[in-house]
Amino acid sequence: MAPYSVDLRQKVVDAYERGVGSQRQVAELFGVSISFVEKLFMRLRSTGTVAPKPHAGGKRSRVDEVARQHLAQWLHAQSDLTLDELAQRLKTELDIHIGLPRLCRVLKQMQLSRKKRRSMRRNVTPTR
């Protein structure tokens, strides 16, 4: 969820400082939680601003740039590798344990597709 806007934060502070009501009443008035109002005032006292903290960046991916280069090389050399085979190579050669859904998302981010060889027989469903 995105942080509340600085405008709303400032309105909450202004309303409380004007004496509109208690923190609980101001929270109800603006449709925010009481804990948000409490934390907002703690932030105002400690930093002097009501602006939200910047995004921390999240967790780093196990598939770093070196692993991505390896994936690209492997798929360039043999374009019909399966996700299982790619995951196994990452595990054995680079000691990176990764699930198949995550590997699929990484390949999508890299704009790499897994193509099957043209020389393979076509899958045919037998008819009765």
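This is a predicted model: local features need pLDDT of at least 70, side-chain atom pairs count only at pLDDT 80 or more; totals for chains, interfaces and linings use all residues.

Colleague: What makes up the fold, element by element?

Modeller: Helices: the protein chain has six of them and zero strands, so the order from the N terminus is α-α-α-α-α-α.

Colleague: Why are H1 and H3 called roughly perpendicular?

Modeller: Their axes cross at roughly 90°. The label covers 65 to 115 degrees, so H1 and H3 are roughly perpendicular to each other. The axes of helix H1 (residues 6-18) and helix H3 (residues 34-47) also come within 11 Å.

Colleague: Which residues make that contact between H1 and H3?

Modeller: On H1, Arg9, Val12, Val13, Tyr16 and Glu17; on H3, Phe36, Val37, Leu40, Phe41 and Leu44.

Colleague: What makes the set around Leu71 a nonpolar core?

Modeller: A core needs buried nonpolar residues joined through side-chain atoms within 4.5 Å, with buried meaning under 20% relative accessible area. The largest such set has 16 residues, and Leu71, Leu86, Leu90, Leu103 and Leu107 touch the most other members. Helix H4 (65-77), helix H5 (83-94) and helix H6 (100-109) each give two or more residues to this core. A second, separate core of 12 residues includes Val32, Phe36, Phe41 and Val50.

Colleague: How much of the protein chain is buried?

Modeller: Buried residues make up 26% of the 128 residues.

Terms used. Residues are numbered from 1 along each chain as its sequence is written. Side-chain values use heavy atoms; hydrogens and water are left out. Helices (H or I, at least four residues) and strands (E, at least two) are DSSP runs, numbered from the N terminus. Buried means under 20% relative accessible area, exposed over 50%, partly exposed in between (1.4 Å probe, protein chains only). Axes are lines fitted to C-alpha atoms, for helices over the stretch in contact, and angles run from 0 to 180 degrees between N-to-C directions. Angles under 35 degrees count as roughly parallel, over 145 as roughly antiparallel, 65 to 115 as roughly perpendicular and the rest as oblique. Contact means heavy atoms within 4.5 Å.
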